[in-house]
Each structure stands twice: as structure tokens, then as C-alpha cells.
Amino acid sequence: MKTLLEKYIEASQQYVEKEKLNKDAIGIVVSGSMKYATIDKNSDIDIYVILDPKCDYRERGNLWIHGIEVEYFKNPPAQIKRYFEQEKKSPHTAHMLAYGEVAYAASEIVNELVAMAKTIIGEKPQKLKDVEIEFEKYFIDDYYKDLEDALLNEDPLGVKTIRAKIINRSIDIFCKVNQIRRAKDKRLSKQIAHLDGDFHRIILEALSEDWDQERSLEKLRTKVEKLLGGRRTAEWKLRSGLDL
């Protein structure tokens, strides 16, 4: 009986062989969970098809091969480079090309794009600017004020919704301060635990705490505000140029 990984490899190869016959395709990169043999029940195969520079279209879709979902992305080089520019804060396209495996390359353009993607991924995310830190302090402070109001109003739906926002924003801040790119949610626990066991423990406590309790959330607030260099001041002002 074939293993799950073998089934994924077979489905991937079948798609690649079919796509090689596409006259518009000059390169194919196989990415996603299969590349690292970290396949879960609902994992799919991500395949990036690099189109001829003359192509004036892009395409994205999914299909099924022997019960395995294949998600594909088709773009010409100019569009891929455009994505590189647009996705600097969250380089999805660069990630697929940098960590994928080139299964087909009919042009040197393919290797050039992969090299560009690896350069992008190799760069650490920029440190938070002072103005960005102040905005993060503002949002965290605002969430906790809303949480207090929802608790006073004995509103469990409001409390749970705001708690989820606080936890999610706190994880974002943790990743930004540590200059790392946030992993997929299903792999987030391992990423956080590896970097900071204490932060990981506080997050888990906050997730399991009853809706009308605040002890773990206060610990989380203290941790996050320490990452940001302190709590938001009572009064603040921000002036900047126009964004026109």
C-alpha cells in the first residue's frame, strides 16, 4: 500500500507531466507541505507554473488528482516580479518559489526568478518603526478597553471576540518584534515555542481561560507591552506627510 507521501508525489508528478505539454509554460515549481514531507490530512499540493513572458494572462485554480487537491498558480515573469514588490511584508509568491523544487525549466528565466525569491526570503523582516510601535500600543490598549466594557456588560460573545483579537494581535506583534514571518496557524505553536517558551505558555493559558477571567490576558498584556517598550501614554499625537 502506498504511503500518503507517495500518493502526493504521484499526484504532483502527474500534474507536472501534463503541464509540461502546455506551450505557454516555461517552468514549474512544486511547493507546499509535500516538499518537506509535512503532510496533514487536508494538505494540498501547491504548484507554481511560470508562463512565457509573451503571455498576457494569469490563472489560479485547483483540481483533484486521485483524491488529492492540487492548487496551482500561473503567472508570466513580469507579474511574478510585480508580486515580489507588492508582497514585501508577506512574500507569499517568493516563499513558494524559494522553498519549492524546480520540476521543469525550459528557460533560464525560471532559475533567475527562483534566485530572486531566495534573496527576498533571506532578508529579515524590517524592524518596527517608532510610528508602527505607537500604533501597536494604541490597538492593544483599545482592545483591552473594549474588553473591560464587554466584561462589565456581561457580554460573553463580545468578550470572546475581543479576546481572540487580542491574542491574534499579540502573536503578530511577537513576530514583528522578533523579525520573523508568522507561520501558518497550524504550525504556529511550534514556531512560537521554539522562540519563546514563556510567551507560548501564556498564549495557551489565555486560550483556555474562561471568558469572564482576565488573569492570563493581563500576563499577556504585560509581556506584549514589554516587547513594545512600555504601555501607551495617556496622551499622544502623530503628525506625518499626506499619503496622496
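This is a predicted model: local features need pLDDT of at least 70, side-chain atom pairs count only at pLDDT 80 or more; totals for chains, interfaces and linings use all residues.
**Aromatic pairs**

I searched the whole structure and found 4 aromatic pairs; rings of Phe, Tyr and Trp (its six-membered ring) pair if their centres lie within 6.5 Å, and planes under 30 degrees apart count as stacked, over 60 as edge-to-face and the rest as tilted. One of them joins Tyr 138 and Phe 139 edge-to-face, at 5.4 Å centre to centre and with 70° between the planes. Tyr 138 is partly exposed at 26% relative accessibility, and Phe 139 is partly exposed with a relative accessible area of 29%. I then returned to Phe 174 and Phe 199, whose ring centres are 4.3 Å apart with planes at 5°, so this pair is stacked. Because Phe 174 lies in helix α6 and Phe 199 in helix α8, the pair ties together parts that are 25 residues apart in sequence; helices (H or I, at least four residues) and strands (E, at least two) are DSSP runs, numbered from the N terminus.

**Cores**

I next looked up the largest nonpolar core, which has 26 residues, with Leu 147, Ile 166, Ile 171, Phe 199, Leu 217 and Leu 220 making the most contacts inside it. Such a core is a set of buried Ala, Val, Leu, Ile, Met, Phe, Trp, Tyr and Cys residues joined through side-chain atoms within 4.5 Å. At least two of its residues come from each of α5 (130–152), α6 (156–177), α7 (185–195), α8 (197–208) and α9 (215–227), and the largest share, 8 residues, is from α6. Which residues is Ile 166 in contact with, leaving aside its neighbours within four places in sequence? I found Tyr 143, Tyr 144, Leu 147, Leu 217 and Leu 220, contact meaning heavy atoms within 4.5 Å. A second, separate core of 18 residues includes Ile 26, Tyr 48, Val 110 and Ala 117.

**Sheet**

I traced an open sheet of 5 strands in the order β3-β4-β2-β1-β5, with mixed pairing; two strands pair if DSSP finds at least two bridges between them. Its edge strands, β3 (59–65) and β5 (101–105), each pair on one side only. Strand β1 (residues 25–31) runs antiparallel to β2 (residues 45–51) and is joined to β2 by 6 bridges, while 4 bridges join β1 to β5, also antiparallel. Val 29 has Tyr 48 as its bridge partner in β2 and stands opposite Val 102 in β5, whereas the partner of Val 30 in β2 is Ile 47. I also checked how covered β1 is, and 7 of its 7 residues are buried.

**Helix α3**

Finally I listed the buried residues of helix α3 (residues 92–99), which are Thr 93, Ala 94, Met 96, Leu 97 and Ala 98. Their cover includes β1, β2, β4, α2 and α4 (108–122).

Key:
Residues are numbered from 1 along each chain as its sequence is written. Side-chain values use heavy atoms; hydrogens and water are left out. Buried means under 20% relative accessible area, exposed over 50%, partly exposed in between (1.4 Å probe, protein chains only).
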